[in-house]
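Below are my notes on the model, as numbered points. They start with the overall layout and then move to single elements and residues.

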Amino acid sequence: MTILARFLVEREGFSLDVDLKFPARGLTALVGPSGCGKTTLLRAIAGLERFESGFLQVGNLLWQDRDSFVPAHKRSIGYVFQEPRLFPHLSVRRNVEYGLRRRRADRQTLHQAVELLQIGHLLDRSIAGLSGGEQQRVGIARALAARPTMLLMDEPLAALDMAHKQEIIPYLQSLHRQLEIPVLYVSHSADEVMRLADHLLILDEGRLQANGPMQELSHLLYPSSGGYRNVFPVHVLHSSEPGLCLFSSAAGIFTLPHQGLAEGRELRLQVLARDVLLCFQKPGEGSVLNAFPARVVELRPSLPGLCLICLQVGDLSLYSEVAEKVSVGLQFGSELYVQINHVEIVG
Ligand SMILES: Nc1ncnc2c1ncn2[C@@H]1O[C@H](COP(=O)(O)OP(=O)(O)OP(=O)(O)O)[C@@H](O)[C@H]1O
């Protein structure tokens with residue numbers, strides 16, 4: 001299932017001209033410099049503005065083409081803004097139920113939204129007494145209670161301080177794991193996108209610069225540093241010995257220095273491609289951590305003197321960036337080992 005969107009918007013001094021296709025599930029991050037057209041694209045998708053030259057299909061649902069336009073209130077889209085825009089005179093419960101009444105969703109959906117955002121204990125509180133993070137959780141629950149077909153989030157964490165951002169990110173992570181619906185998420189924060197996104201859309205001056213899976217494009221989030229990056233999900237297995245923790249991944253089991261993580265928790269690891277070292281002999285058992293058998297899938301030139309190698313490691317694709325001379329003799333199908341040198345837990 002995919003989302004197909006084509007829009008041509010002409011404004012004084014600005015035009016948006018995009019033709020894009022992205023998955024109708026998981027979290028797609030929409031990033032780009034200020035004024036590049038992110039909100040305009042979101043509004044076009046929500047149907048909040050009707051741009052004559054547009055086409056939009058979400059899965060099987062045709063929302064706009066040359067002859068038809070489904071108005072915003074019939075698209076059942078959940079919209080989460082920077083500010084939660086709650087009704088201050090109503091309780092948390094009434095605020096969340098507001099979404100329910102408007103869209104005739106059921107009680108079970110409301111219950112799920114309350115559970116997912118863990119706001120059950122806040123239901124009888126007034127909005128005024130809540131922290132910024134709690135208010136945003138209520139705002140997200142209200143959007144979900146309406147059982148939307150799609151969730152649009154326009155910088156939902158931008159108005160929060162660092163502590164409240166950290167509080168809310170785990171909810172967003174579990175939300176996008178548990179929801180079937182697509183989430184389109186605008187953000188200026190590379191770190192946030194790194195932790196949350198499955199797919200990336202990069203806009204610049206109203207034009208699409210890049211569109212692809214996070215794993216393929218994450219290096220573009222940090223244009224000035226570090227080169228290619230690998231980002232992939234892992235689950236916490238258990239602590240192997242004091243200070244060390246085991247993580248299961250599609251590549252195999254990682255052992256990393258960490259403690260206090262709950263068993264089963266899903267996190268992401270980030271590994272710079274230059275920290276994926278190639279070993280042409282099997283690394284000594286027991287003496288080397290995080291070494292896995294790998295197969296070469298593709299070799300690409302990278303920066304001058306460097307080669308980017310795409311490797312199949314178990315069920316995971318990993319990029320390694322090495323000096324060109326190291327890659328001499330490698331070709332599609334070459335078998336070797338990788339040793340992962342430095343791993344960052346990103347959330
Ligand atoms: N209603 C409008 N009428 C005319 N121009 C507009 C309108 N809304 C936005 N613009 C212009 O369109 C361009 C894109 O704006 P948009 O808000 O989509 O960018 P953005 O990428 O979301 O920016 P930011 O990251 O700062 O929120 C900007 O130049 C903006 O000034």
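1. Seven residues from domain 1 and nine residues from domain 2 make up the contact, where two residues are in contact if their C-beta atoms, placed from the backbone, lie within 7 Å.

2. On provenance: this is a predicted model, in which local features need pLDDT of at least 70, side-chain atom pairs count only at pLDDT 80 or more, and totals for chains, interfaces and linings use all residues. Residues are numbered from 1 along each chain as its sequence is written.

3. Helices (H or I, at least four residues) and strands (E, at least two) are DSSP runs, numbered from the N terminus. On the side of domain 1 that touches domain 2, helix H6 (190-196) and helix H7 (214-217) each supply at least two residues. The residues of that side divide into two nonpolar, three polar and two charged. The classes are as follows: Ala, Val, Leu, Ile, Met, Phe, Trp, Tyr, Cys and Pro count as nonpolar, Asp, Glu, Lys and Arg as charged, and the others, Gly among them, as polar.

4. Which residues surround the ligand? They are Arg11, Phe14, Gly32, Ser34, Gly35, Cys36, Gly37, Lys38, Thr39 and Thr40, where a residue is near a molecule if its C-beta atom, placed from the backbone, lies within 6 Å of it. By class, the shell holds two nonpolar, six polar and two charged residues. H1 gives the most to this shell, with three residues.

5. A residue is buried if 20 or more other C-beta atoms lie within 10 Å of its own, exposed if 12 or fewer, and partly exposed in between, with C-beta atoms placed from the backbone. In helix H1 (residues 38-46), the buried residues are Lys38, Thr40, Leu41, Arg43, Ala44 and Ile45. Gly47 follows H1 and has a positive phi, near 80 degrees.

6. A nonpolar core is a set of buried Ala, Val, Leu, Ile, Met, Phe, Trp, Tyr and Cys residues joined through C-beta atoms within 7 Å. The largest one has 61 residues, of which Ala29, Leu30, Ala141 and Tyr185 touch the most other members. Helix H4 (residues 132-145) gives the most to this core, with six residues. Apart from it lies another core, of 22 residues, including Tyr228, Ala294, Ile309 and Val338.

7. Leaving aside neighbours within four places in sequence, Leu30 is in contact with Lys38, Leu41, Leu184, Tyr185, Val186, Leu201 and Leu203.

8. Helix H3 (residues 107-116) has Leu110, Ala113 and Val114 as its buried residues. Seen down the axis of H3, these fall within an arc of 100 degrees, so they line one face of the helix; the arc is that of the directions from the helix axis to the C-beta atoms. The face turned away from the buried side of H3 carries the exposed residues Gln108, His111 and Glu115.

9. Gln118 has a positive phi of about 50 degrees although it is not a glycine, and is found in the loop between H3 and H4. Gln118 is partly exposed, with 14 other C-beta atoms within 10 Å. Glu155, also not a glycine, has a positive phi of about 45 degrees. Glu155 sits in the loop between strand E7 (150-154) and helix H5 (162-178), and is partly exposed, with 18 other C-beta atoms within 10 Å.

10. Is His121 buried or exposed? His121 is exposed, with 9 other C-beta atoms within 10 Å, and its place is in the loop between H3 and H4. The C-alpha atoms of His121 and Val92, 29 residues apart along the chain, are separated by 9.9 Å.

11. In strand E18 (residues 316-323) lies Val322, which is partly exposed, with 19 other C-beta atoms within 10 Å. Not counting residues up to four places away in sequence, Val322 touches Leu278, Leu306, Cys307, Ile309 and Ser327.
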